[in-house]
Amino acid sequence: EFVVGLSFFSWQESADLHSRRSNLNYEIRSNFLAIGPYLLWNIRWTPEFAFGVEMAPFMALHDVTQTQTGVDYRDKGRTIFGVKTALSAHWYPSSERASIGFSIPLVMRFSSLPVPAAPAGNYSISEGSMFWPAFVLESRFQVAKILVSPKVGIHRTMDSLFWGIDLGYLF
């Protein structure tokens with residue numbers, strides 16, 4: 001079965017802001033909220049088990065505000081783009097309309113965090129990879145031809161929550 005719909009998801013990332021003038025590092029936490037179309041191909045292995053392949057290009061809003069000991073770093077509303085792919089496995093315990101399972105999304109964003117503009121040349125940012133996996137528990141509920149799939153998990157460094165919900169139409 002094929003599902004086409006919208007994917008909403010959010011995550012946080014850590015980065016180090018380095019001050020060349022004081023030679024100090026500050027941790028900054030960036031929040032991302034993403035939305036994009038998604039396509040799911042759900043393959044029934046048996047009546048009780050299914051595997052899925054998902055792809056979702058996305059647009060996300062990036063928001064970070066960090067004020068620490070004389071460092072004021074803000075970046076709100078910056079738009080970034082990326083793609084999320086996922087492999088999933090689901091168990092349908094007693095109904096073809098509800099399942100529980102797990103997925104491993106791979107997320108790639110195409111934008112780096114901006115370096116603070118003032119004072120120029122005094123800061124640098126060391127951020128993690130722009131490509132990372134997540135480990136997610138998810139469920140699926142079907143009402144007529146509508147599929148709802150809430151999900152929650154952890155990503156990359158295991159210190160941040162990854163959550164989302166997919167809304168789709170079954171073909």
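**Salt bridges, cores and a cavity**

The side chains of Asp63 and Lys76 form a salt bridge, with 3.8 Å from N to O. This is a predicted model. Asp63 belongs to strand β3 and Lys76 to strand β4, so their pairing ties together parts 13 residues apart in sequence. How accessible are the two partners? Asp63 is partly exposed, with a relative accessible area of 28%. Lys76 has 58% relative accessibility and counts as exposed.

Side chains of opposite charge can pair when their charged atoms come close. The count here comes to 7 salt bridges. Take Glu54 and Lys84. Their side chains meet in a salt bridge at 3.1 Å, N to O. Glu54 sits in strand β3 and Lys84 in strand β4, so this pair ties together parts that are 30 residues apart in sequence. Both Glu54 and Lys84 are buried.

Another salt bridge joins Glu138 to Arg140, with 3.5 Å between the closest N and O atoms. Glu138 is buried, and Arg140 is buried too. Which residues are linked in a network of salt bridges? They are Glu54, Lys84, Glu138, Arg140, Lys151 and Asp166.

Now look for empty space. Rolling a probe the size of a water molecule over the atoms shows where such space is left. The count comes to 1 cavity of 30 Å³ or more. The largest cavity holds about 40 Å³ of space. Its lining consists of Tyr38, Leu40, Glu54, Glu138, Arg140, Leu147, Ser149, Lys151 and Asp166. Strands β2, β7 and β8 (146–155) each give two or more residues to this lining. β8 gives the most, with 3 residues. By type, the lining divides into 3 nonpolar, 1 polar and 5 charged residues.

Turn next to the nonpolar side chains. In soluble globular proteins, nonpolar side chains tend to be buried together. The largest nonpolar core has 21 residues, and Trp11, Ile28 and Phe162 touch the most other members. The elements giving two or more residues to this core are β1 (2–19), β2 (24–44), β3 (49–68), β4 (71–91), β6 (123–127) and β7 (131–143). Apart from this core lies another, of 6 residues, including Val3, Leu40, Leu147 and Leu170.

Finish at Trp11. What does Trp11 touch, leaving out residues up to four places away in sequence? Its contacts are Ser30, Asn31, Phe32, Ala34, Phe58, Val107, Trp132, His155, Ser160, Leu161 and Phe162.

How values were computed. Residues numbered from 1 in each chain as written. Predicted model: local features only at pLDDT ≥ 70, side-chain atom pairs only at ≥ 80, totals over all residues. Heavy atoms only, no water. Core = buried A, V, L, I, M, F, W, Y, C linked by side-chain atoms within 4.5 Å. Buried < 20%, exposed > 50% of the residue type's maximum accessible area, 1.4 Å probe, protein only. Helix = DSSP H or I, 4+ residues; strand = E, 2+ residues; numbered from the N terminus. Contact = heavy atoms within 4.5 Å. Salt bridge = Lys/Arg side-chain N within 4 Å of Asp/Glu carboxyl O. 1 Å grid on protein atoms, 1.4 Å probe; cavity = no way out; pocket = protein on both sides within 12 Å on 5 of 7 lines; lining within 4 Å. Points joined across faces, edges and corners; volume = space filled by probe spheres on them. Nonpolar A, V, L, I, M, F, W, Y, C, P; charged D, E, K, R; others polar.
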